[in-house]
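Please keep the sequence and the structure in view while reading.

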Amino acid sequence: MALQTFFKFSRGSTNQITGCTVHFPLFNDIRGLKYFKPPITYDHIQMPERPKLHYIDRVPNYSNSNIRPPKMHKMLGLMRGPELVHNKLIHKQYGIQATGGGQMRFIHFEIIRMGLLKKLDWSRMFAIWRIDSPWQAVTKKGQGQRMGGGKGSIDHYITPIRSGRIIIEVAGHCEYIEVKDILSKIAAKLPFEAKAVSQDILNFDEAKKKWQEENNKNPYTMEYLIKNNMDDLQRKIKRIDHFFFGKYV
């Protein structure tokens, strides 16, 4: 029926050789009202003087050269839980967001910087860092040493990352489809789970999370079970689950 309504068949013409009647389809020559979205304007975006990502120092610089670099604890709390501050895009365009906690070393900063340096069109795009350079010291003892003898020497520096943290931002006169593959490939090389995001994706995720909380018909959520200590959960679960109720590891 759809084809019959779409086509209008003319009168058949008889083939002189075969004697068969052939029908030719005719299209309706009717001009319809078409709606095309207006092109995106980038008048509100100001390109910076230095659009490329700047080099990140491998070792933190101290103002006083006489200061001995301090040794630090692991501080795993800096990698657990959600990021509450740097979880939104400043320029409201595109970026890479961490979906899990982890550590970033100097090599990972270089992977991001060199990956964007070769792929982006810097005449109309720019990128900014949203994380600090490596500052937390990680110690390590030499191979073959016996136990004891105090804390080992500093081996390298890291930057702790929490879930939801924006790693970098890419903005300018471009659309998300232009930078999606580039950001996704870089996010796959990071030592923790990350993804390429845009402002529309962040808004959709936030609205989806809010809708799921409001329309949840199951009253026995993880938060309810832990707070009411059902099946003696408060003694069995980890300490971090008392605060985040199983959402973050």
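**Contacts, sheets and core**

Apart from neighbours up to four places away in sequence, His54 makes contact with Arg113 and Trp129.

Me: How far apart are the C-alpha atoms of His54 and Arg113?
Reply: This is a predicted model, and the value is computed from its atoms. His54 is located in the loop between strand 4 and strand 5. Along the chain, His54 and Arg113 are 59 residues apart. The separation of their C-alpha atoms is 8.0 Å.

Me: Is His54 buried, partly exposed or exposed?
Reply: Buried requires under 20% relative accessible area, and exposed requires over 50%. The relative accessibility of His54 is 44%, so this residue counts as partly exposed.

Me: Which residue is the bridge partner of Trp129 in strand 10?
Reply: Trp129 is one of the residues that His54 contacts. Strand 7 and strand 10 run antiparallel and are joined by five bridges. The partner of Trp129 in strand 10 is Ile168.

Me: Which element gives the most residues to the largest nonpolar core?
Reply: The largest nonpolar core has 29 residues, and those with the most contacts inside it include Met104, Ile112, Ile168 and Leu183. Two or more residues each come from strand 5 (94-98), helix 2 (106-119), strand 7 (125-129), strand 10 (166-172) and helix 3 (176-188). The element that gives the most, with six residues, is helix 3.

Me: Which residues does Leu183 touch beyond four places in sequence?
Reply: Leu183 is among the residues with the most contacts inside the largest nonpolar core. Leaving out residues up to four places away in sequence, Leu183 touches Tyr94, Gly95, Ile96, Leu116, Ile168, Val170 and Ala196.

Me: Which backbone oxygen does the side chain of Gln97 reach?
Reply: Gln97 belongs to strand 5. With 10% relative accessibility, Gln97 counts as buried. Beyond four places in sequence, its contacts include Asn87, Gly164, Arg165 and Leu202. At 3.3 Å, its side chain reaches the backbone oxygen of Gly164.

Me: What is the average twist from one strand to the next in the open sheet of three strands?
Reply: The three strands pair antiparallel in the order 6-9-8. Strand 6 (102-104) and strand 8 (136-140) are the edge strands, each pairing on one side only. The twist from one strand to the next averages 55°.

Me: What is the phi of Met75?
Reply: Met75 sits in the loop between strand 4 (25-26) and strand 5. Its relative accessibility is 35%, so Met75 counts as partly exposed. The phi of Met75 is positive in a residue other than glycine, near 55°.

Me: Where is Asn229 found?
Reply: Asn229 has a positive phi of about 55° although it is not a glycine. Because its relative accessibility is 31%, Asn229 counts as partly exposed. Asn229 is placed in the loop between helix 5 (222-227) and helix 6 (233-236).

Me: Which element has the lowest mean pLDDT?
Reply: The mean pLDDT of the protein is 88, and 87% of its residues reach 70 or more. Over residues 1-11, however, the pLDDT is below 50. Strand 5 has the highest mean among the elements, 98, whereas the lowest, 45, belongs to strand 1 (residues 8-9).

Terms used:
Residues numbered from 1 in each chain as written. Predicted model: local features only at pLDDT ≥ 70, side-chain atom pairs only at ≥ 80, totals over all residues. Heavy atoms only, no water. Core = buried A, V, L, I, M, F, W, Y, C linked by side-chain atoms within 4.5 Å. Buried < 20%, exposed > 50% of the residue type's maximum accessible area, 1.4 Å probe, protein only. Helix = DSSP H or I, 4+ residues; strand = E, 2+ residues; numbered from the N terminus. Contact = heavy atoms within 4.5 Å. pLDDT = per-residue confidence, 0-100. Pairing = 2+ DSSP bridges. Axes fitted to C-alpha atoms, helices over the stretch in contact; angles between N-to-C directions. Polar contact = N/O pair within 3.5 Å; in protein donor to acceptor, adjacent residues only side chain to side chain.
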